[in-house]
Amino acid sequence: MAEDTGTVERRTGLGQGPGRLLVMLYGVFTVAAASRSVYQLIAQYHEAPLAYILSAVSAVVYAFITVSLVRGGEGARKAAFVCCAAELLGVLTVGTWTLADPSAFPDQTVWSDYGMGYLFIPVFLPVTGLLWLRRARRG
């Protein structure tokens with residue numbers, strides 16, 4: 001049975017092709033950041049609350065981007081684009097802050113030192129995401 005394309009929003013495959021790698025990486029980072037931050041917030045909160053809260057925030061951002069990429073569609077693409085831009089801003093801000101004032105972060109966050117503890121993937125991931133989402137808009 002054919003669908004009436006006039007009433008159904010056509011979803012673009014944001015998670016197709018190279019987007020699959022982005023979905024996989026964002027999914028892995030969601031699980032990694034969430035599990036790490038949940039443990040640290042429960043067991044070690046008093047040691048470095050700012051670092052652990054920022055790691056939890058990064059997990060939420062990663063999860064939102066993952067869901068948006070899987071969901072597809074223009075609205076999801078725009079939301080993911082905004083979140084990738086916010087993620088990049090967060091990585092650059094926290095990365096610079098951890099280098100300028102290491103005492104402010106007694107423990108690492110996902111975004112510390114521009115993601116050095118994660119092979120700098122946290123700084124490259126939003127850049128790649130932004131490029132992919134920009135390309136998907138034209139496609």
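Let me begin with Phe 29, which is buried, with a relative accessible area of 6%. Before I go further, please keep in mind that what we are looking at is a predicted model.

Which residue does Phe 29 pair with, and how are the two rings arranged? A pair of aromatic rings is described by the distance of the centres and the angle of the planes. Since Tyr 26 sits in helix α1 and Tyr 62 in helix α2, which covers residues 49-71, the contact ties together parts of the chain that are 36 residues apart in sequence. Both Tyr 26 and Tyr 62 are buried.

Coming back to Phe 29, its partner is Tyr 118, and this aromatic pair is tilted, with 5.6 Å from centre to centre and 50° between the planes. Here, too, distant parts of the chain are linked, with Phe 29 in helix α1 and Tyr 118 in the loop between α3 (74-100) and α4 (121-138), 89 residues apart. Taken together, Tyr 26, Phe 29, Tyr 62 and Tyr 118 are linked by ring pairs into a cluster.

Staying with helix α1, which spans residues 18-43, I would like to turn to Leu 21, which is also placed there. Is Leu 21 buried or exposed? With a relative accessibility of 51%, Leu 21 counts as exposed, because the cut-off for that class is over 50%. Leu 21, together with Met 24 and Val 28, makes a nonpolar surface patch of about 290 Å².

My last topic is charge pairing. How many salt bridges does a search of the whole structure find? The search returns one salt bridge, in which the side chains of Glu 74 and Arg 77 meet at 2.8 Å, taken from N to O. Because Glu 74 and Arg 77 are three residues apart in helix α3, about one helical turn separates them.

Conventions: Residues are numbered from 1 along each chain as its sequence is written. This is a predicted model: local features need pLDDT of at least 70, side-chain atom pairs count only at pLDDT 80 or more; totals for chains, interfaces and linings use all residues. Side-chain values use heavy atoms; hydrogens and water are left out. Patches are made of residues with over 30% relative accessible area and no salt bridge: like charges are joined within 9 Å, nonpolar side chains (Val, Leu, Ile, Met, Phe, Trp, Tyr) within 5 Å. Accessible areas come from the Shrake-Rupley method with a 1.4 Å probe; for residues, only the protein chains shown count as cover. A salt bridge is a side-chain nitrogen of Lys or Arg within 4 Å of a carboxyl oxygen of Asp or Glu. Helices (H or I, at least four residues) and strands (E, at least two) are DSSP runs, numbered from the N terminus. Buried means under 20% relative accessible area, exposed over 50%, partly exposed in between (1.4 Å probe, protein chains only). Rings of Phe, Tyr and Trp (its six-membered ring) pair if their centres lie within 6.5 Å; planes under 30 degrees apart count as stacked, over 60 as edge-to-face and the rest as tilted.
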